[in-house]
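Here is a short tour of the structure you are about to see.

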Number of protein chains: 2
Amino acid sequence: MSSPRIVTAALLVIGDEILSGRTKDKNIGHIAEYTTNIGIDLREVRVVPDEEDEIVAALNALRHRYTYVFTTGGIGPTHDDITADAVAKAFGLPIDVDPRAVAVMRERFKPEELNEARLRMARMPEGSELVHNSYNKVPGFRIGNVIVMAGVPVIMHAMLDAVAPTLETGVKLISTTQRADMKEGDLGDALRAVAKAHPDAMIGSYPFWDESGQPNTNLVVRARDQAALDAATAAVAAMLAALKAR
Amino acid sequence: MSSPRIVTAALLVIGDEILSGRTKDKNIGHIAEYTTNIGIDLREVRVVPDEEDEIVAALNALRHRYTYVFTTGGIGPTHDDITADAVAKAFGLPIDVDPRAVAVMRERFKPEELNEARLRMARMPEGSELVHNSYNKVPGFRIGNVIVMAGVPVIMHAMLDAVAPTLETGVKLISTTQRADMKEGDLGDALRAVAKAHPDAMIGSYPFWDESGQPNTNLVVRARDQAALDAATAAVAAMLAALKAR
């Protein structure tokens with residue numbers, strides 16, 4: 001039996017404003033959920049400042065390690081938008097204004113609006129493919145396994161929707177969630193034994209406060225095949241029943 | 001004149017649930033804002049899964065590079081909480097239940113509640129200092145320049161409040177924000193010239209949609225000394241006035 005195909009990704013969030021706390025990132029959670037749902041495992045996220053050396057180093061560390069690297073941020077029209085140049089440098093490729101990108105931008109901007117600043121948004125490394133942006137036209141791009149998207153969430157969403165159907169996907173992680181109605185510390189010892197007995201499932205324990213303000217726990221089982229998921233889920237349910245019958 | 005003292009930090013977020021999108025991280029934004037406000041520059045964030053090798057590798061990459069590394073997540077009572085062991089491994093230190101941590105936990109838990117699972121929360125690498133947790137007692141810890149905190153936001157907040165006064169801090173970044181009432185693409189060329197003329201300030205441009213739904217731009221100037229901040233802020237204001245007078 002061949003092992004299930006696993007497709008991985010990393011996300012590189014680019015922007016001083018995230019690291020200063022001025023802007024609260026909303027892209028990590030969206031991309032994490034999106035990739036999980038289509039069968040791509042998000043394995044790592046990094047947030048780096050708007051500094052070329054930092055972006056290049058992170059990109060080169062990530063792109064050799066994962067099937068895909070998504071980036072968000074730094075592709076606008078101002079001087080602090082340096083992602084495209086950093087990506088070109090990471091790949092050792094020349095970069096210039098892409099006529100296809102300019103053609104798309106003409107659908108939105110009047111000729112007099114296509115100033116030097118806006119034309120910077122059409123710069124991409126040689127050999128890039130455009131990533132369509134249904135929200136406001138200005139495209140992202142893909143070069144090799146790196147997909148470069150805007151940081152503004154509504155635009156990033158449009159770009160992710162456009163690029164997702166072109167990506168290779170693997171076997172989806174499937175999951176179940178059981179509400180324990182117990183404190184995490186009261187089930188930890190029993191759960192450890194269940195996890196050890198079910199190495200082909202991943203079992204996560206997540207404390208929360210329930211609607212009556214009591215400490216409670218969600219037990220999440222994840223697996224790549226239904227039989228493993230079912231077996232571990234049943235074992236967790238049996239464990240909870242046994243603990244409550246004490 | 002000596003250059004201003006700069007204190008840096010990285011944040012390592014540990015948890016499969018963030019990478020799967022099941023839990024939306026709220027700690028990055030809080031820690032970013034908090035460290036900025038006390039004069040510590042958050043320079044990098046990484047999110048890694050609950051896997052020892054990944055945690056160790058990220059920790060060793062970050063702790064040699066920044067003044068401090070904060071971690072969040074993975075210090076609860078269940079089998080998937082492996083942060084303390086990974087930190088010990090990264091430092092090459094033995095790890096065991098710390099009697100000081102147990103003593104603190106006795107203030108909250110009855111003897112029969114201090115089972116194996118809960119006692120795992122008292123494990124820390126040899127030589128650690130406890131990080132007080134005013135919310136529910138169970139402490140975090142600090143070893144070397146690494147500060148290990150809970151992932152649950154309300155508990156992380158308590159730990160950060162406790163550890164912050166013990167940290168070295170540097171010269172704060174101070175900032176101004178000017179609302180441009182212009183599209184980013186219409187001011188990008190002029191702003192590039194202002195940024196070039198003020199290399200001792202960092203000028204960021206952040207598009208947003210304003211209350212009437214129009215594309216607008218916030219221009220943020222950041223600097224470490226007041227004179228540089230004032231000069232760049234005035235230059236941005238003059239630039240905006242000139243563009244609007246056209």
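Chain A is divided into domain 1 (8-166) and domain 2 (174-245), with bounds that come from an automatic or database domain assignment. The C-alpha centres of these two domains of chain A lie 38 Å apart. This is a predicted model, in which local features need pLDDT of at least 70, side-chain atom pairs count only at pLDDT 80 or more, and totals for chains, interfaces and linings use all residues. Residues are numbered from 1 along each chain as its sequence is written, while chains are lettered from A and ligands numbered from 1 in the order in which they are written.

Along its principal axes, the C-alpha trace of chain A spans about 75 × 45 × 35 Å. Chain A holds nine helices and 11 strands; helices (H or I, at least four residues) and strands (E, at least two) are DSSP runs, numbered from the N terminus. Of its 246 residues, 48% count as buried, that is, with 20 or more other C-beta atoms within 10 Å of their own, the C-beta atoms being placed from the backbone. Among contacts in chain A between residues at least 6 apart in sequence, 67% join residues at least 24 apart; a contact needs C-beta atoms, placed from the backbone, within 7 Å.

Now to chain B. Three of its strands make an open, antiparallel sheet in the order E9-E11-E10, where pairing takes at least two DSSP bridges between strands. Strands E9 and E10 of chain B are the edges, each pairing on one side only. From one strand to the next, the twist averages 20°. E10(B) and E11(B) pair over eight bridges, and B:Gly204 stands opposite B:Val220 in E11(B).

| Helix | Residues | Strands touched or crossed | Angle |
|---|---|---|---|
| H9(B) | 226-245 | E9(B), E10(B), E11(B) | about 155° to E11(B) |

Finally, the two copies. The same surface serves both copies, as 100% of the contact residues of chain A recur in chain B.

Technical notes:
Contact = placed C-beta atoms within 7 Å. Axes fitted to C-alpha atoms, helices over the stretch in contact; angles between N-to-C directions. Buried ≥ 20, exposed ≤ 12 C-beta atoms within 10 Å, placed from the backbone.
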